[in-house]
Amino acid sequence: MVPPFRTYGRELLLVTRFGQETGKCLTDPDPENPIVYSTDHEVYFQEIDNKGTLEDFLEKYMTKDEFLQVAKKHIESGLTSS
């Protein structure tokens with residue numbers, strides 16, 4: 001089993017999820033809002049994507065409340081269309 005967090009030479013911290021490695025450089029000049037990088041397990045480090053700052057990266061995800069609101073709306077629309 002691969003651990004979810006790995007460091008390589010104290011330079012890169014990676015988080016593994018579903019075959020996608022997402023990480024940041026530990027020596028980033030802006031440690032409060034570092035650049036996030038991503039690579040796929042099939043092209044491991046042959047292709048690296050810049051995902052923007054950590055703040056921009058996290059902004060792409062929904063909060064629990066936002067997700068529940070979307071899910072409830074979807075469920076309710078499915079119930080009324082039957």
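**Which pattern does the protein follow, read along the sequence?** The order of elements is β-β-β-β-β-α-α, comprising two helices and five strands. Helices (H or I, at least four residues) and strands (E, at least two) are DSSP runs, numbered from the N terminus. This is a predicted model, in which local features need pLDDT of at least 70 and side-chain atom pairs count only at pLDDT 80 or more, while totals for chains, interfaces and linings use all residues. Residues are numbered from 1 along each chain as its sequence is written, and side-chain values use heavy atoms, with hydrogens and water left out.

**View 1. The aromatic pair of F57 and Y61.** One aromatic pair is found in a search of the whole structure. The rings of F57 and Y61 are arranged edge-to-face, at 5.5 Å centre to centre and with 70° between the planes. Rings of Phe, Tyr and Trp (its six-membered ring) pair if their centres lie within 6.5 Å; planes under 30 degrees apart count as stacked, over 60 as edge-to-face and the rest as tilted. F57 is buried at a relative accessible area of 12%, whereas Y61 is partly exposed at 44%. Buried means under 20% relative accessible area, exposed over 50%, and partly exposed in between (1.4 Å probe, protein chains only).

View 2. The side chains of T53 and D56 are joined by a polar contact of 3.1 Å. A polar contact is a pair of N or O atoms within 3.5 Å; within protein, one must be able to donate a hydrogen and the other to accept it, and residues adjacent in sequence count only if both atoms are side-chain atoms. Not counting residues up to four places away in sequence, T53 touches N33, P34, I35 and V36, where contact means heavy atoms within 4.5 Å.

**View 3. D28 in the loop between strand 3 and strand 4.** D28 is buried, with a relative accessible area of 13%. The D28 side chain reaches the backbone nitrogen of D30 at 2.8 Å. Beyond its neighbours within four places in sequence, D28 is in contact with P34 and I35. The C-alpha atoms of D28 and E11 are separated by 9.1 Å, with the two residues 17 apart along the chain.
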